[in-house]
Amino acid sequence: MKAIGEYIDNYRIIAVQADTPTSTLYIVEHTYENSGTLALKSWKMYDATSAYYSTFSEQVLGLMKLKLPHCLPILDYGIDEDDRPYLILPEEALSLQTLQQRLKHDDIEPVTEDTSRKILGQVGTVLVIAHQEAIVHGALSPEAILLTPENEVLVSFAPLITSTVGLRSSFDPLYQPPENTMTRLSDQFALGGLAGELLIDYRTGPTIDAPTEHAISQAQSPDPGQRFRSVRHFLQHLGIQIALNEDQSEYELLSFISHQTTQPPYAQSAPPSPPNQKQLVYWVAAIAAILLLIGGFIWNVNYGHQQTLFEQATATSVSQTAIVAQKTISSANQATTIAEHATATVAAKTYPFSANVAFHDDLTKLNASWDGTGCGFGGEGYFLKADKNYFVGCPRLGTETETNYTFQIIFKNFQGSPAGSIGLLFDAKTQLGANSGSMFLIDKDGNYGIYNIALIGGTPSQSGKISFPLKFPLRIGMVARSNGCTFYVNGTQVEDIGWSCKGSLGAAALGLREATMTYFVEAELWNL
């Protein structure tokens, strides 16, 4: 466990909120962003393998998309210098009581049947939406449910330690399915356990009605094939409706619960989400229909005999309008997707890009040009891991003769102490291992410097500090010409040097006092 005042990546520990055999909950603050008090939950049990790190990142990115009124958001994540996964959560994770704590004090503040059904409906709604996004909770229990003073729910998600064990601090058999695998049906089993605690153990009456008891029993059947086909159907048999049709998307359901429930405090202050695709189609079609109907009224007054033709035209026009709108949105989405995966030309206008692309490497896949001894492939991208007081460089093969160029690498994350740094390698003299040459490196606080590999530990030839927050994904680029080169961080020029920056080019990391690790997922070079 970390001590007060120590750092976990960019977060300084203010206090320890709770410590269990499997996890620690810290109260932290960001080192340079004025984001107030946050919660950092670090786990002690996990699969310490590169495959796990890849799976962990994929799961967290999926969970971060679940921006729902009754889902506790994940603000950031990482793996610390001790190889322990952690999540950054909002302050509500520190101040709100869990359902487990509430149930322990049921004699003081009883959980009524109405409140129980409200909790089950809100938790079930989150699960339905998550399942539509191919996300399984895997660790549902009263411990993973936070309650506001108004009894509004915030469901806390966490990645899985393995394919069979969630990141939870207890393993209650009431919530752990006998098949011991994490699926939608195992989530239903856990929800059945929650329903049992709320509606049977804490019901005000002496007995529960037979249909409810049968529904809970079926949801918790030892045979997954005997359970309900979905969480929604289980809720229906409990008499809880969540207003989701077979063909409705999770966005339509989100719109429904946003208007039908009181949102938690953090959701009320969040910026409004842009209209989703299907809603936009419906609005376009509805407006077109209204305009056509108004026109039809006027037409009918003057040309009653054309009414039949008009009704046919109206139906056709509305249908065609919806189709055109859908195609337009689809085309726009395709264009957006292409733009997001294209170069950062627009975002980094100060770069002198050119149409002459020498290479564009997608490093989320294996690439023979990056099979150097200084880096490896970890499933989510190539990574550099520099041990304490040690430099690691990973040159990109085929860049030895480059002179006039723009080179850029996109770093996905930055794990390790604030003293460590990551960045670009250039003019490397040894292709594999890069035991000489130069580097442009930047640390988590935005301090940068230009170093000679042979003089690691000495004073950088040039240094400074950026005037803006360091955001990830982090784009570090350089523009090289015969009379010198210029360095950029997320599209902003930060430093110039007056000598030529020749190849070999690549990624670099430096560990100071503690190890530093980074994943880089994309590299590009343009010839000028």
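Author: Let's start with one pair of residues. In strand 23, Gly 511 is the bridge partner of Tyr 390. Keep in mind that this is a predicted model.

Reader: Which strand does strand 23 join, and in which direction do the two run, parallel or antiparallel?

Author: Strand 23 covers residues 506–511. It is joined to strand 13 by 6 bridges. The two strands run antiparallel.

Reader: Is strand 13 mostly covered or mostly open, and how many of its residues are buried?

Author: Strand 13 spans residues 390–395. Buried means under 20% relative accessible area. Strand 13 is mostly covered, and the number of its 6 residues that are buried is 5.

Reader: Which residues touch the most other members of the largest nonpolar core?

Author: Nonpolar side chains tend to be buried together in soluble globular proteins. Here the largest nonpolar core has 58 residues. Helix 4 gives the most to this core, with 8 residues. The residues touching the most other members are Val 123, Leu 191 and Leu 238.

Reader: Which residues is Val 123 in contact with, leaving aside its neighbours within four places in sequence?

Author: Contact means heavy atoms within 4.5 Å. With those neighbours left aside, the residues in contact with Val 123 are Leu 140, Ile 145, Val 153, Val 155, Leu 191 and Leu 194.
A second, separate core has 39 residues, including Tyr 382, Ile 442, Ile 476 and Val 489.

Reader: Where is Lys 444, and is it buried or exposed?

Author: Lys 444 is in the loop between strand 17 (438–443) and strand 18 (447–452). Its relative accessible area is 0%. The cut-off for buried is under 20%, so Lys 444 is buried.

Reader: Which side chain makes a polar contact with the side chain of Lys 444 at 2.7 Å?

Author: The side chain of Lys 444 reaches the backbone oxygen of Phe 414 at 3.5 Å. The contact of 2.7 Å joins two side chains. The partner of Lys 444 there is Asp 9.

Reader: How far apart in sequence are the parts that Phe 426 and Phe 487 tie together?

Author: These two form a tilted aromatic pair, 5.7 Å centre to centre, with 45° between the planes. Phe 426 is buried at 0% relative accessibility, and Phe 487 is buried at 0% too. Phe 426 lies in strand 16 and Phe 487 in strand 21, so the parts tied together are apart in sequence by 61 residues.

Reader: What kind of pair do Phe 440 and Phe 487 form, stacked or tilted?

Author: Phe 440 is in strand 17 and Phe 487 in strand 21, 47 residues apart. Their ring centres are 4.7 Å apart and their planes are at 10°. Planes under 30 degrees apart count as stacked, so the pair is stacked.

How values were computed: Residues are numbered from 1 along each chain as its sequence is written. This is a predicted model: local features need pLDDT of at least 70, side-chain atom pairs count only at pLDDT 80 or more; totals for chains, interfaces and linings use all residues. Side-chain values use heavy atoms; hydrogens and water are left out. Buried means under 20% relative accessible area, exposed over 50%, partly exposed in between (1.4 Å probe, protein chains only). Helices (H or I, at least four residues) and strands (E, at least two) are DSSP runs, numbered from the N terminus. Two strands pair if DSSP finds at least two bridges between them. A nonpolar core is a set of buried Ala, Val, Leu, Ile, Met, Phe, Trp, Tyr and Cys residues joined through side-chain atoms within 4.5 Å. A polar contact is a pair of N or O atoms within 3.5 Å; within protein, one must be able to donate a hydrogen and the other to accept it, and residues adjacent in sequence count only if both atoms are side-chain atoms. Rings of Phe, Tyr and Trp (its six-membered ring) pair if their centres lie within 6.5 Å; planes under 30 degrees apart count as stacked, over 60 as edge-to-face and the rest as tilted.
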